[in-house]
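Subject: Handover of a structure and its findings

Dear colleague,

Please find the structure below, together with its sequence. My notes on what was found follow it.

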Amino acid sequence: MRSNKLSNLLSLLFLVATLGVAVYAAFVNDTIVVHWGPLGGSELQGMSYLILFLPLLSAALYLLLRKGKENPFALDPKHDMPQTQGNAQQLRRYVDVLSLGVTGLLLYITLCAAGFLPMIPLVVMLVVAFFIIYYARSRRKLRGA
């Protein structure tokens, strides 16, 4: 239970930081990076107000995942897993980790778009690979229950 609260608190902190960085960049910068090349170099610049979309996306995904945590079996209604308390707990743990990772990744992308950090595509690919592996591992555990 304690790790759930910590995960939720960190997700909220990432969300607030994303909003702060985006608002700051929207008022200070004239342009932001809206597209990076495969090696992380800036390929396309855009109007600075476009960065305000990232905290909205982060908030929407956070709220969607929090809603899914209330009834974790509704996340994948076609999955034929046994609806046990253990499976519900496993799914809630997965949603906690996913929420933390998504808000953290969107904070990183916002920082890169604002020009505070360089975009390193390997970071994004490693986070996505982690979630793919974690998802496959969680699904295997749920099937075995």
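May I begin with a question: does Arg140 count as buried or exposed, and at what relative accessibility? Arg140 counts as exposed because its relative accessibility is 59%. For these terms, buried means under 20% relative accessible area, exposed means over 50%, and partly exposed lies in between, with a 1.4 Å probe and protein chains only.

Before going further, please note that this is a predicted model, in which local features need pLDDT of at least 70, side-chain atom pairs count only at pLDDT 80 or more, and totals for chains, interfaces and linings use all residues. Residues are numbered from 1 along each chain as its sequence is written, and side-chain values use heavy atoms, with hydrogens and water left out.

Overall architecture

The protein chain has 4 helices and 2 strands, arranged along the sequence as α-β-β-α-α-α. Helices (H or I, at least four residues) and strands (E, at least two) are DSSP runs, numbered from the N terminus. Along the principal axes, the C-alpha atoms fill a box of roughly 55 × 30 × 25 Å. The protein chain has 145 residues, of which 39% count as buried. Of the contacts (heavy atoms within 4.5 Å) with a separation of 6 or more, 63% are between residues 24 or more positions apart.

Ala26 belongs to helix H1, which spans residues 2-28. Its relative accessibility is 17%, so Ala26 counts as buried. Leaving aside residues up to four places away in sequence, Ala26 touches Ser48, Tyr49, Ile51 and Leu52. Ile51 is 25 residues from Ala26 along the chain, and their C-alpha atoms are separated by 6.6 Å.

Salt bridges

A salt bridge is a side-chain nitrogen of Lys or Arg within 4 Å of a carboxyl oxygen of Asp or Glu. How many salt bridges does a search of the whole structure find? The search finds 3.

One of them joins the side chains of Arg66 and Asp96, at 3.2 Å from N to O. This pair links distant parts of the chain, with Arg66 in helix H2 (residues 53-70) and Asp96 in helix H3 (residues 85-114), 30 residues apart. Asp96 also meets Lys69 in a salt bridge, at 2.8 Å from N to O. Here too distant parts of the chain are linked, since Asp96 is in helix H3 and Lys69 in helix H2, 27 residues apart. Arg66 counts as buried at 16% relative accessibility, Lys69 is buried with a relative accessible area of 16%, and Asp96 is buried with 3%.

Another salt bridge pairs the side chains of Lys67 and Glu70, at 3.6 Å from N to O. Both residues lie in helix H2, 3 residues apart, about one turn of the helix. Lys67 is exposed, with a relative accessible area of 57%, and Glu70 counts as exposed at 57% relative accessibility.

The positive patch

Arg140, with which these notes began, lies in helix H4. Arg93, Arg137, Arg140 and Lys141 gather in a patch of positive charge on the surface. Such patches are made of residues with over 30% relative accessible area and no salt bridge, like charges being joined within 9 Å and nonpolar side chains (Val, Leu, Ile, Met, Phe, Trp, Tyr) within 5 Å. Helix H4 (residues 121-144) gives the most to the positive patch, with 3 residues.

Yours sincerely

Methods
Accessible areas come from the Shrake-Rupley method with a 1.4 Å probe; for residues, only the protein chains shown count as cover. Lys and Arg count as positive and Asp and Glu as negative; His and the chain ends are not counted. The place of a charge is taken as NZ of Lys, CZ of Arg, CG of Asp or CD of Glu.
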